[in-house]
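Please find below my notes on the model under review. They are set out as numbered points, to be read alongside the coordinates.

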Amino acid sequence: MDVLLREAKDGILTLTMNRPEAINALTTEMLRELGKAIKEASAPEVRVVVLQGAGRGFCSGQDLREFEGQRISYKNHLRNYRSVVEGLAGLEKPVIAAIHGAAAGAGLSLALACDLRIASADAVLTTGFSKIGLIPDAGMNYHLPRMVGYARAFELEVLSGRIKAEEALSLGLVNKVVPVESFAEEVARLAGELAQGPTKTYGLIKRALRRSASASLEEMLEYEALLQEVAGRSEDHQEGVRAFYEKRPPHFQGK
Ligand code: T3D
């Protein structure tokens with residue numbers, strides 16, 4: 001059985017973590033497949049990526065059985081996570097995490113590394129790591145405090161409570177909560193809307209926002225001007241302006 005399913009349709013690449021018997025617990029094989037798939041997602045025909053889980057949850061984090069009883073080198077092991085997290089962050093197109101059921105441990109870290117998180121009303125998020133005496137990894141210490149602030153991040157990481165969808169929404173951990181029945185439909189609608197947008201510009205916006213995490217105002221003003229040189233020369237910018245004058249919806253191609 002493939003541990004990662006890939007489906008490409010209408011500019012949307014859907015990656016499905018596929019170990020439902022263990023709520024899609026991450027193995028080295030799955031991480032390597034994810035790393036490869038995210039690299040391949042830089043192809044121009046992919047305009048949006050959706051990351052989701054098969055079965056009854058999103059992802060339960062590292063497979064705790066994979067290295068049972070072994071003394072592993074975390075430095076080596078975490079390289080597999082690093083390439084996935086850097087891949088998600090560096091991919092210049094929107095990535096949606098579609099979270100239903102559990103998102104725990106490094107599964108939550110991956111969701112946080114995506115650009116948008118849509119939660120089904122049955123979603124339950126937990127940092128999980130401290131419950132097994134580990135510190136959060138896979139970028140959680142980067143993304144979480146930037147989303148919820150230090151005090152909340154500390155609380156979530158240390159106490160590892162189970163955060164239900166509505167609470168995750170009020171904390172700013174997810175962008176939207178959708179009823180279970182219409183979850184797949186809403187994810188498809190959002191992905192479809194994004195895939196019809198000026199996706200090259202979305203990639204540049206992502207680059208700008210990522211840079212802002214470690215830049216001064218002066219640096220950002222400089223960087224915005226640089227990126228606007230690129231956006232301003234895009235076909236989608238020209239089409240957007242033309243469509244405005246012609247009073248019709250724009251037809252963006254991500255170019
Ligand atoms: O050590 C390193 O590699 C370092 C890196 C660590 C990164 C991390 O991600 S650490 C955190 C790892 N994850 C966890 O600690 C979460 C463990 N899982 C849970 O807390 C719960 O399973 C969930 C909250 C995710 C879901 O709960 P529930 O009640 O809906 O399901 P369940 O019954 O607990 O799990 C269903 C099956 O999935 C069960 O298998 P079984 O008994 O039916 O054969 C369970 O053992 C399996 N499963 C769930 N999580 C994992 C797992 N198997 C392996 N690894 C898991 N992480």
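1. In this predicted model, R248 counts as partly exposed, its relative accessibility being 29%. Its side chain meets that of E239 in a salt bridge, with an N to O distance of 2.8 Å.

2. E239 belongs to helix α10 (residues 235-245), where D236, E239 and A243 are buried. Viewed down the axis of α10, the buried residues fall within an arc of 60 degrees, so they line one face of the helix. F244 and Y245, on the other side of α10, are exposed.

3. Helix α3 (residues 106-113) is mostly covered, with eight of its eight residues buried. Among them are A106, G107, L108 and S109.

4. The ligand is surrounded by 21 residues, of which R56, S60, Q62, L64 and A106 are the closest. A polar backbone atom of A106 is 2.8 Å from an oxygen atom of the ligand. R56 places a polar side-chain atom 2.8 Å from a ligand oxygen atom, whereas L64 has a backbone N or O atom 2.9 Å from a nitrogen atom of the ligand. The ligand taken alone exposes 1100 Å², and the protein buries 68% of that area.

5. Together with Y74, I132 and L134, L64 makes a nonpolar surface patch of about 390 Å².

6. How many salt bridges does a search of the whole structure find? The search gives 16. One of the pairs is E86 with R82, whose closest N and O atoms are 2.9 Å apart. The two residues are four apart in helix α2, and are therefore separated by about one helical turn. E86 is partly exposed at 45% relative accessibility, while R82 is exposed, with a relative accessible area of 55%.

7. A further pair is found in helix α7 (residues 183-195), where R189 and E186 are three residues apart and so about one helical turn from each other. Their salt bridge has its closest N and O atoms 3.1 Å apart. R189 counts as partly exposed at 40% relative accessibility, whereas E186, at 14%, counts as buried. In an α-helix there are 3.6 residues a turn, so residues three or four places apart point the same way.

8. Salt bridges also link R6, E33, K36 and E40 in a network.

9. Most residues other than glycine have a negative phi. D10, which is not a glycine, has a positive phi of about 50 degrees; D10 lies in the loop between β1 (4-9) and β2 (12-17). S160 likewise has a positive phi, near 50 degrees, and is a residue other than glycine. The place of S160 is in the loop between α5 (150-159) and β8 (163-164).

10. Are the residues of point 9 buried or exposed? D10 is exposed, with a relative accessible area of 61%. S160, in contrast, is buried, with a relative accessible area of 3%.

Key:
Residues are numbered from 1 along each chain as its sequence is written. This is a predicted model: local features need pLDDT of at least 70, side-chain atom pairs count only at pLDDT 80 or more; totals for chains, interfaces and linings use all residues. Side-chain values use heavy atoms; hydrogens and water are left out. Patches are made of residues with over 30% relative accessible area and no salt bridge: like charges are joined within 9 Å, nonpolar side chains (Val, Leu, Ile, Met, Phe, Trp, Tyr) within 5 Å. Accessible areas come from the Shrake-Rupley method with a 1.4 Å probe; for residues, only the protein chains shown count as cover. A salt bridge is a side-chain nitrogen of Lys or Arg within 4 Å of a carboxyl oxygen of Asp or Glu. Buried means under 20% relative accessible area, exposed over 50%, partly exposed in between (1.4 Å probe, protein chains only). A residue is near a molecule or strand if one of its heavy atoms lies within 4 Å of it. A polar contact is a pair of N or O atoms within 3.5 Å; within protein, one must be able to donate a hydrogen and the other to accept it, and residues adjacent in sequence count only if both atoms are side-chain atoms. The arc is that of the directions from the helix axis to the C-beta atoms.
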